[in-house]
Structure formats: C-alpha cells, structure tokens
Amino acid sequence: MHSHWSNSSLLQSRSSTKGQQRKTMGRYAIPVKGLFVLFCLWAVAVEAEYLKYKDPKQPLGARIRDLMKRMSLEEKIGQMTQIERKVATADVMKQYFIGSVLSGGGSVPAPKASAEDWINMVNELQKGALSTRLGIPMIYGIDAVHGHNNVYNATIFPHNIGLGVTRDPNLLKRIGAATALEVRATGIQYAFSPCIAVCRDPRWGRCYESYSEDHKIVRAMTDIIPGLQGDLPANSRKGVPFVAGKSKVAACAKHFVGDGGTVNGIDENNTVINSNGLFGIHMPAYYDSIIKGVSTVMVSYSSWNGKKMHANRDLVTGFLKDKLKFRGFVISDWQGIDRITSPPHANYTYSVQAGVSAGIDMIMVPENYTEFIDTLTQLVKDNIIPISRIDDAVKRTLRVKFIMGLFENPLADLSYVNQLGCQEHRELAREAVRKSLVLLKNGKSTSQPLLPLPKKAPKILVAGTHADNLGYQCGGWTIEWQGVAGNDLTVGTTILSAIKNTVDPATQVVYEQNPDSNFVKSNEFSYAIVIVGEVPYAEMFGDSTNLTITEPGPSTINNVCGAVKCVVVVVSGRPVVLEPYVEKIDALMAAWFPGTEGQGVADALFGDYGFSGKLARTWFKSVDQLPMNVGDRHYDPLFPFGFGLTTQPVKRN
C-alpha cells in the first residue's frame, strides 16, 4: 500500500494532523489519540489513492482508461518500445519505462542456461519495470517457433513445413499448449509464433516456417493459437485478444502480410500480386487467427507491389485494425522500421513517422532505444504524430497485459520448471515427427515394397551427413538463429540412435558417413539407410536458387544405392532436387526438419507405425519450374501436392 503515496503527501498529512491536534485538543494533546487520528487520516489517504487500474475486479476498459489518464508522454512511449535483453537492465527498464524486452535468435542469459537462469533474468528486468511510478509490468517475447527453440534442453518440434503435412489441427493445438508450458517454464510470457506465411516458392529461406503453399492448410493450422493462448471464452468479442493465465502465452501471427509470396522467393522482398491474390492467398489465415483471439500481429519486412508493409497504413490500420477489428497490438519486426528506407536507417525520423503512422504499436527497436524514444517524442511534440495515435498504441499494449493477468502475476516462479523438455512433450514431438513424414517411393516396383524394414537383419548400413547430427535434424531457429551443427547443442535423439534403439539386439548397425561403393559392395549389407539433406539456415541466409542436397549427400546416394537396397531419408526445409536420384533409390521419404525426437523417424521406417503424411507442398522436378503451385496451368511436378504413400503398422507378436 505504501507505494501509492509519496513522502511529500505523507509529510503534509503528518503536519496537518499535528495542526489538527493542537486545534481540537489544545494543550491536552494526547500522543495516543494523535496517533489514532493520524491512522484515520492515513486510511482516508489510502482510500483516496485507490488505483482502479490495479483492481482486477474492474472491467477491462475502465482499467485501461484509468491507467492511460495517469500516464505521461514519456511513460506512453516507453510502452511502445521493445528492446533486446543484451541492452536491458533493471535500471534501463525503470529510467525509460520500457514496455517490452525480447531475446533475438540465440540471445540467452548464458550458454546452456537452465530454466532458473532464465527466470532470474526475466524477473530482474521485471522488477525494474515494476519499480516505476505506475508499476506497469513489461512483457518478454521470444521466437518459440518450433518449441522453445532458443533454450537448452527444450523439446524441439518439427518445423512448420512438416506439421502442415499432418493436416491435424488437434496435434497443432497440443504442440501449442506444450510450447506455452516450456516458454512459461523460463519465465517468458510471449511467443513470436505462429508464422502463417503461405510459402509460394521454396527458394525462400523461410519456407520451412510455412505450413503449406495452400492457404486452406495454413488456416487449419492456426489451431496452434488456442494451444498457445488457451480457448476463447464462448462470449468473446471478435478481435479481442485472449490469454488464459499463467500456463499460457501471448501468441503472434506473422508476418503481415504476403511474406511467402515475394518474387523468386527472395527474403524481405517484393510480393507482386493483385488484391485478389493478396486477399485470397496470403490474408485468409489472419481472419482465423483474429477469430481465435491472437494477441499480437507482427508486420512483414516484405513489400506489396513496391510498398513496404511497415509503412502500409491502408493494410495495417485500415484493414487489420478497422476492418478486421483486431484489438491486440501490432509489433514491428527486428529493426523493421529502419528497413522502410533503403539503405536501412538512412532517414530514421522518416522511418519512425512512417511506421508509427501506419499503425505499428510496439517497435522492436531493438538495441538503440534512446534514439527511437527521442525521435518519437520529438515527432509528437512537433505535432507530426498525433497523441491519438500514441494512445491507440498504448491502449492495445495495455489491453494484452491486462487480459493475460500480467498486472496480477508479473513475476515468474518455479512452478513450471519441470515442464522444460519433459518426457510428455518429447512423446508429443515424436508423434508429430511420425505424422509429418511423407513416403515418396516404396520399392523399385509396387509389388515389392522395401518399407517397413525388417528389424531382424544380420548387418545394415547407415550412411549420410544427417544420420548422426542433432543440429542438422533441428534446422535453423534452434539454439542459435541460424541453427548449429553437431550433437552438443541440446538434448535429443539422432536418427542413428533411434535406428539402433529400434532394430533387433542381434542386428549389426554399421555407421559410415560417406562410404565408397567398394566398402558397400564388400560388406554384404541386408539394406542401407541413407540420411542426407540441407544444413541449417534461417531467413535470407536460406534463400537458394539451386535447392540442392548438401555435398557429399548426392555422392553418398550414388555410392550406396548403386550397390545395395537403400531407403533415402531427406532432411530438409523444403522440396529439394531429387529427380536425378529417384531411379536409383529403392525407397524415399521426406523427413523435413524433424527436431530433437529422431525416434519418430525410426518408428515409421521399421513399421511400428504406418506412414500417413501427404505433401503440403508441391515437389518440383527442376528449379526452372519455380514458382509452381497446385492449380497452376503448367503443373508438372515430380510429386504432386497431396501425394504420400501409406503403409500399415507391422503386427508383431
């Protein structure tokens, strides 16, 4: 209670109380009675200092209005500012009234930090925010895009390209709920997820973040949002965000809009398409996200017909806010407003003006926050940005914070720590892996399928760069922004380990990463499993014009499959060039980037579960055909959209 009134008001009440005593009691003033009067006045003062915005029984609108009318311009602009944890301290939070902090890809409190390390860091920053005059809690955001992927020991789920294959909204909802628990395990309350891009060209380096080339599948997969945030109450108004308390997180639909449609799949580039195309292909999943109560929307780096989305007032304010009635907050991408100009940051004042005027409510600055705060403050003081625009931004941010209970529960405790990487979540990820696999070929002739493989065999060969590499299996956005190679990055099961776990104890498993054909011929293997694909990448670093399997993958396929019956497992973020090898291969499957639970791959290979996945992307023959999507006039794929062979699980005694 004492935090609600300043020392000066306390001194005033004390001196007026003394004066009161003298008047009423004359020289017979009794100290005890004086104290009693002081107590009564103190109670009255506290009563007068009742803060409506701190009362959870008050209606949401009343709390927002009450807090807004108490806020200075400085405090409002602080709420619009999101900074990177590297530049955040408790003092910075307090001094600049910072509204939000984030971890960029790979930005962690310490290498292999524990859940407790994360909680301590987040709470330290939160205490700085709470020590301000009004005590507005900050919201901490992180890219939890396939599980809590920056955090050591977290469960890493398959990337979205694999999840789209499952066409299983219930699975997505369960993955959302598991991810929310793991994010909360580290004290974080906000996930920059899901990416609802409709990737129309696999040359795009973020294609694996897209569920499908078909917006209908992407729309169905938005069921991850109620998984992350909780189910909307039945009487909920459309567009109002919802987060169901401490075990859930605020979600973020991204990147608004058209990020998957850029020319030649070049990241952050220009999406050239008419209105029918934009609203028919790239926008529909936003309708579903808003209906499901998504709390935030992130704006895309890309442009639509030459206009930067971060400066597109017609779409951000006119369509998203006014037409779709979205009531959460709109956030920029990392330095997104800087990139309104080319080169980035060339005219920062213009960038701030254009981005905020377009309707962006929270700016992911993320490092040079004083420049942003000073620039925006000046633009408001010069009447270039009206205070009404600032108020809209702050109301939206506060709405999300109030709705999710941040004012009541600003500090994280240890109650969810045991959820991080727990067995139940790993089992769920393993199920997701199984369901996301697509069997593209099974046997040189259909009458002689190779899969499921026998568990009992004298000697089998496992080959390929991706057989025993957890980092390759997880792909980008894992521990580091671009992903990491090797097995020391986090905890999980490689496909090689999974194979060894699954075959009969008497079966000899020989692992040779890149054997020559003589080695293969001279060893009398019953069959071989070749696991090859793409190495990890993220964003523009994944843009590719050739879409080839990483060397020595092709030579491994040729050496092994030329000499023994082989199944090839492709670990990739998108369809890659396969046509030259298909003839040689006995069985072929797409495993995408499956994440930490490689056991799911072995589950299907050896027939403990059947293959059920259907391509959610067209598999091209040659890159010259791109872009090529289902329904195109010149559709001539290697494997069409929706293709996928099925197998039955093996009944074993």
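## Basis

This is a predicted model, in which local features need pLDDT of at least 70, side-chain atom pairs count only at pLDDT 80 or more, and totals for chains, interfaces and linings use all residues. Residues are numbered from 1 along each chain as its sequence is written, and side-chain values use heavy atoms, with hydrogens and water left out.

## Strand S13

Strand S13 spans residues 459-463; strands (E, at least two residues) and helices (H or I, at least four) are DSSP runs numbered from the N terminus. Because five of its five residues are buried, S13 is largely enclosed by the rest of the structure. Buried denotes under 20% relative accessible area (1.4 Å probe, protein chains only). Lys-459, Leu-461 and Ala-463 cover one face, while Ile-460 and Val-462 lie on the other.

Two strands pair if DSSP finds at least two bridges between them. S13 runs parallel to S14 (residues 508-511), with four bridges, and parallel to S15 (residues 527-533), also with four bridges. Leu-461 is placed opposite Val-510 in S14 and has Ala-528 as its bridge partner in S15.

## The S5-S7-S10 sheet

An open sheet of three strands has the order S5-S7-S10, with parallel pairing. Its edge strands, S5 (252-256) and S10 (329-331), each pair on one side only. Neighbouring strands are turned by 25 degrees against each other on average, direction ignored.

S7 (residues 296-299) is joined to S10 by three bridges, and Val-297 stands opposite Val-330 in S10. Helix H12 (residues 284-291) packs on the sheet and touches S5 and S7, contact being heavy atoms within 4.5 Å. The direction of H12 makes about 155 degrees with that of S5; axes are lines fitted to C-alpha atoms, for helices over the stretch in contact, and angles run from 0 to 180 degrees between N-to-C directions.

Note on methods: Buried < 20%, exposed > 50% of the residue type's maximum accessible area, 1.4 Å probe, protein only.
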